[in-house]
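Hello,

Here is the structure I promised to pass on. Please have a look before reading my notes below.

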Amino acid sequence: MKRFVILGGGYGGLTVAQQLLEGDLPEDTVIVLIDRMPYQGLKTEYYSLVAGTVADIDLRVAYPSDPRLIVTYGEVTDVDLHTKQVIMAGQEPLEYEWLVVALGCTDKYHGIEGAELFSNSIQTFSASRKTYQALNDVKPYGQVTIVGGGLSGVEVASELREGRPDLNIRIIDRGPSILSAFPPKLQAYVSSWFIEHEVEMRGHVALSRLEEGVLYDQNNPASILTDVTVWTAGIQPVALVQRMDLPKDNQGRLIINEFHQLPDHTDVFIVGDCASLPFSPSAQAAEGQGKQVAEVMQAIWKNKTPKLGKIKLKGVLGSLGKKSGFGLMGRTPLMGRVPRVLKSGVLWMSKHHLG
């Protein structure tokens, strides 16, 4: 049997598998999905896991059950593009006919001393569980600091405010304000929500190093004291992709051709946070790529030339606790109850494999 191997069962990898199973999979081909966990974790909702407002079982999605799909569990340590093998810790190498690298991202610490050691992550299910434990153990009226005022940082801060109203919560950023990539109207709305709910916002903070319970700002001699620090200040492709000696963009993402393939290894597709795309990493982008990779393979198996359109993103939605939210649909800002309801609907669809 020929193996179509998918590394990573997240939004992109799982979409590839689902689309191929729904299409015409050749009889001599089997799909092998490799992941560390026996289910997909809904990463866009990890902020609620770390805040303790949902149980982790609510963020698990079972993989499809199909005789043409083999789900393998393990840690992928390397890919040999020349021998066409996937190397896994403690297991025999796995040969592939086609390969999808959809391993997602990890935190980017920008060379800040102590950042990785003295902060908590939300990038994996396992890391989010540990972060929840650290936050849950903070004593009443303790101080939590969230580094990074983008979408993830805002959602963690607002959800934590709802889950632990006793805590002192601050969110810091290098820029002048939170959500710097969003229109001023949305920035103002979220800032007013934080003021109303007593979440401290501190801009123009250039961290130089972190220690246990202390953050140091290059712009201010006074140290920033904290009980727990949560890191949401940037991402980069996983270590395996970082080690690949292949052309990359300035964010370390692998350069791909119009069919999402490595130009010099067209049997390998790069999907999601590891791929150089004309827009920011997101679940939508990964799923859009996943659908197109399946289209490319269907064309290849039928000896046809793939014809792909542009991936169209529907917008961005963010939550401010369970009752309010914000979003951007095209150039139209959304604020209040409606974007929060929309976000809940998107989550429901994800949990039921509906996109």
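What covers the buried residues of α8? Keep in mind that this is a predicted model. The cover includes α2 (46–51), β4 (60–61) and α4 (151–163). It also includes β21 (316–320), β22 (324–329) and β23 (332–336).

Now the helix itself. α8 runs over residues 337–351, 15 residues in total. From first C-alpha to last it reaches 22 Å, close to the 21 Å expected at 1.5 Å a residue. Its buried residues are P339, R340, K343 and S350. They span an arc of only 100 degrees around the axis, so they sit on the same side of α8. R337 and V338 are on the other side, and they are exposed.

Next, the charges. The salt-bridge count is 15. K343 takes part in a network of salt bridges with E45 and E155.

- E45 and K343 meet at 2.8 Å, N to O. E45 lies in the loop between β3 (40–41) and α2, and K343 in helix α8, so the pair ties together parts 298 residues apart in sequence. Both E45 and K343 are buried.
- E155 and K343 meet at 3.6 Å, N to O. E155 lies in helix α4, so this pair ties together parts 188 residues apart in sequence. E155 is buried, as is K343.

One more salt bridge joins K2 and D28, with the closest N and O atoms 3.7 Å apart. K2 is in strand β1 (residues 2–7) and D28 in the loop between α1 (11–22) and β2 (29–35), so the pair ties together parts 26 residues apart in sequence. K2 is partly exposed at 35% relative accessible area. D28 is partly exposed at 37%.

Best wishes

Technical notes:
Residues are numbered from 1 along each chain as its sequence is written. This is a predicted model: local features need pLDDT of at least 70, side-chain atom pairs count only at pLDDT 80 or more; totals for chains, interfaces and linings use all residues. Side-chain values use heavy atoms; hydrogens and water are left out. Helices (H or I, at least four residues) and strands (E, at least two) are DSSP runs, numbered from the N terminus. The expected span of a helix is 1.5 Å times one less than its number of residues. Buried means under 20% relative accessible area, exposed over 50%, partly exposed in between (1.4 Å probe, protein chains only). The arc is that of the directions from the helix axis to the C-beta atoms. Contact means heavy atoms within 4.5 Å. A salt bridge is a side-chain nitrogen of Lys or Arg within 4 Å of a carboxyl oxygen of Asp or Glu.
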